[in-house]
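This report walks through the fold, the packing and a few single residues. The structure comes next.

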Amino acid sequence: MATDTLKSSTDTGRAPALRRMLLDNGALTALVVLAVAMSFLSGDFLATQNLLNVGVQAAVTAILAFGVTFVIVSAGIDLSVGSVAALSATVLAWSATNQGLPVWVAVLLALGTGIACGLVSGALISFGKLPPFIATLAMLSVGRGLALVISQGSPIAFPDSVSKLGTTIGGWLPVPVLVMIAMGLITAVVLNRTYAGRTMYAIGGNEEAARLSGIRVKRQKLVIYALAGGFAAVAGIVLASRLASAQPQAAYGYELDAIAAVVIGGASLSGGVGKASGTLIGALILAVLRNGLNLLSVSAFWQQVVIGVVIALAVLVDTLRRRA
Amino acid sequence: MRTKQLSVAVAAVATLALTATACNSGSSGSSDMKVGLSVSTLNNPFFVQLKAGAQAEAKKEGVSLTVTDAQNDASQQSNQIQNFTSQNVKSMIINPVDSDAAGPAVKAANNANIPVVAADRTVNKADVATTVASDNVEGGKLAAKTIAEAIGGKGTILVLQGTTGTSAANERGKGFTEGLKAYPGIKVVASQPADFDRTKGLDVTTNLLQAHPGVNGVFAQNDEMALGAIKALGSKAGKSVKVVGFDGTPDGLTAVKDGTLLASVAQQPKLLGELAVQNAVKAAKGEKIDATVKVPVKVVTKDNVAGFAG
């Protein structure tokens, strides 16, 4: 929508179009303001290499958050994605390194693990009538526990061929950023162009109305949580490949970053609203913030305060804009 | 009616599952003496090794050791200590999640006359038979000396701090600062938190290198962060930038062998676990023990890594 406006605008109309785009999107405004502030405060921020670093550091959160976007759009919540990411990466490393399975089998097993975790959560929600908060809280604990059981609590070396996912192409283009963009495109396509995506908005808008209009809500919920689990598996693989090591304690607390990214990106926790682009911006805001705080050498104690304040401000900008 | 049957069935399955896991992880000896060990978290290889050392020693001494995992949750730990007290263990070892928060529960054990051994971290405002811990301040000093000598007494370094507010981060940081006083030519250009986590170590080092590209050294307050820093440094690690870690974890020692990690100030978690059980057994028998047992730290470098078994 925003790109359409840009294309149709003439040279003289470009500045107002940009302004309209910023005004239409609170999160984007927050990201731009933050980036401008950081470039004034630190001379190192606006370097190409640093911006690529920010992209790499946003990648894992963004991929997790894309999966959570499906869930939040349909008025659910998924607390388990961090644990499921760690479990999937552990399964990959364990099956390839400890069990000697071919790497492609191990990758499929890891993705399967993520999807299976999502299906279990989805089944508990659809058929067990558990609230999503509780079902995925249970999965958070089970996933982390299984990761510890499989790895015996110690990191496992990641197969080299998969670890390439954590490096760069041609020495500068980071693969995690490419994976993030690919997953973002998939998310946008699913949300906007598929039956599953339309049902997510419908269920999130009004579940009863969705059911009465013939959507098989229970089955769609399985799909939604399976997607979130699959995305978590991809995020876990990217995370572990950056370190060339799968760690059972990795991605601890990332579910909260993922949910924050989705909400900063303009999605509503009561469902029916949310976009892939917004989620990406949300993840970038968090990454820019952490990167900038390091560059500015802000004291450890203050960093958490600043992060909390910026999250609140970013969402506040968006709510104020909507009300206006 | 149906729900009732279902819930009975669920309860039965849950009980079975609990019994099964209990048998799996339960007693390792058959004698009368029961000892409890509450570990702060098993989500960290260090404490997994501490537990392994404790279990090995318990087996050797023929006592039955019950291990619980507090999952870094202080209130859960205090419940576990209460449970030990009501199970009438002869003595217990607590590896506190939080030194202050462990106080009240340990006090209750004091009232029941059950001796308590603190492992790795102290317990505040309660009586412990002894505290078995590594000397973190000394370790910080040794790290400063190692890194300073490796870069020839002058240059700039980065410090990766552990989780803010933990005693390990405070003491290692304090020791390091003290140790560096002997080398006025060395400047710490940035000191940032990476929460003892490898991914955060990688991200924070990447960010800091952007602002300070010419650093000569990195001190990470644990090996996990050091390994992240090494990833961020790439080919510079071990060559133009010297990295020193802390803990001597298996992955850390491998990096020392490879030459990417200059040194790791090794704690000896297995020995710590063994000494904790030894002292707990002595305390249970009413033997006299020292108020503090210091587990030696060791600087592991490429020269002595071969003989070091964690």
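The model is predicted.

## Chain B overall

Chain B has 310 residues, and 53% of them are buried. Its secondary structure comprises ten helices and twelve strands. Take the contacts in chain B with a separation of 6 or more: 74% of them join residues 24 or more positions apart.

Five residues of domain 1 of chain B contact four residues of domain 2 of chain B. On the domain 1 side of chain B, three of the touching residues are nonpolar, one is polar and one is charged.

## Where chain B meets chain A

The interface pairs 23 residues of chain B with 25 residues of chain A. Four elements of chain B each give at least two residues to its side: α2 (45–61), β7 (186–193), α7 (198–211) and α9 (250–258). The largest share comes from α7(B), with ten residues. By class, the chain B side has ten nonpolar, nine polar and four charged residues.

## Helix pairs in chain A

Start with α4 (residues 48–73) and α12 (residues 217–243) of chain A. Their axes come within 8 Å and cross at roughly 175°. α4(A) is therefore roughly antiparallel to α12(A). Residues on the α4(A) side include A:A59, A:I63, A:F66 and A:F70. Among their counterparts in α12(A) are A:I224, A:A228, A:F231 and A:L239. The residues of this contact between α4(A) and α12(A) come to 18 nonpolar, one polar and no charged.

The second pair is α14 (residues 276–295) and α15 (residues 300–323) of chain A, with axes that come within 11 Å and cross at roughly 150°. An angle over 145 degrees counts as roughly antiparallel, so α14(A) is roughly antiparallel to α15(A). The crossing of α14(A) and α15(A) is right-handed. From α14(A), A:I285, A:L289 and A:L293 take part. They meet A:Q303, A:V306, A:I307, A:V310 and A:A314 of α15(A). Seven of the residues in the contact of α14(A) with α15(A) are nonpolar, one is polar and none is charged. An α-helix has 3.6 residues a turn, so residues three or four places apart point the same way.

## Helix α9 of chain B

Which residues of α9(B) are buried? They are B:D251, B:G252, B:L253, B:A255 and B:V256. These buried residues pack against α8 (223–233), β9 (242–247), β10 (263–266) and β12 (298–300) of chain B. α9(B) also supplies at least two residues of the side of chain B that touches chain A. Just after α9(B), B:G259 takes a positive phi of about 90°.

Is B:E171 buried or exposed? B:E171 is buried, because 21 other C-beta atoms lie within 10 Å and the cut-off for burial is 20 or more. Leaving aside neighbours within four places in sequence, B:E171 contacts B:N136, B:V137 and B:G140. B:G140 is 31 residues away from B:E171 in sequence but 7.4 Å away in space, C-alpha to C-alpha.

B:S75 is in helix α3 of chain B, residues 74–86. B:S75 is exposed, with 12 other C-beta atoms within 10 Å. The C-alpha atoms of B:S75 and B:D98 are separated by 9.6 Å, and the two are 23 residues apart along the chain.

Most residues other than glycine have a negative phi. B:N88 is not a glycine, yet has a positive phi of about 60°. B:N88 lies in the loop between α3 and β3 (91–94) of chain B. B:N88 is exposed, with 9 other C-beta atoms within 10 Å.

B:D247 is not a glycine either, and has a positive phi of about 115°. B:D247 lies in strand β9 of chain B. B:D247 is buried, with 31 other C-beta atoms within 10 Å.

Key. Residues numbered from 1 in each chain as written. Chains lettered and ligands numbered in written order. Predicted model: local features only at pLDDT ≥ 70, side-chain atom pairs only at ≥ 80, totals over all residues. Contact = placed C-beta atoms within 7 Å. Nonpolar A, V, L, I, M, F, W, Y, C, P; charged D, E, K, R; others polar. Axes fitted to C-alpha atoms, helices over the stretch in contact; angles between N-to-C directions. Parallel < 35°, antiparallel > 145°, perpendicular 65-115°, else oblique. Left-handed = near helix turned anticlockwise from the far one by under 90°.
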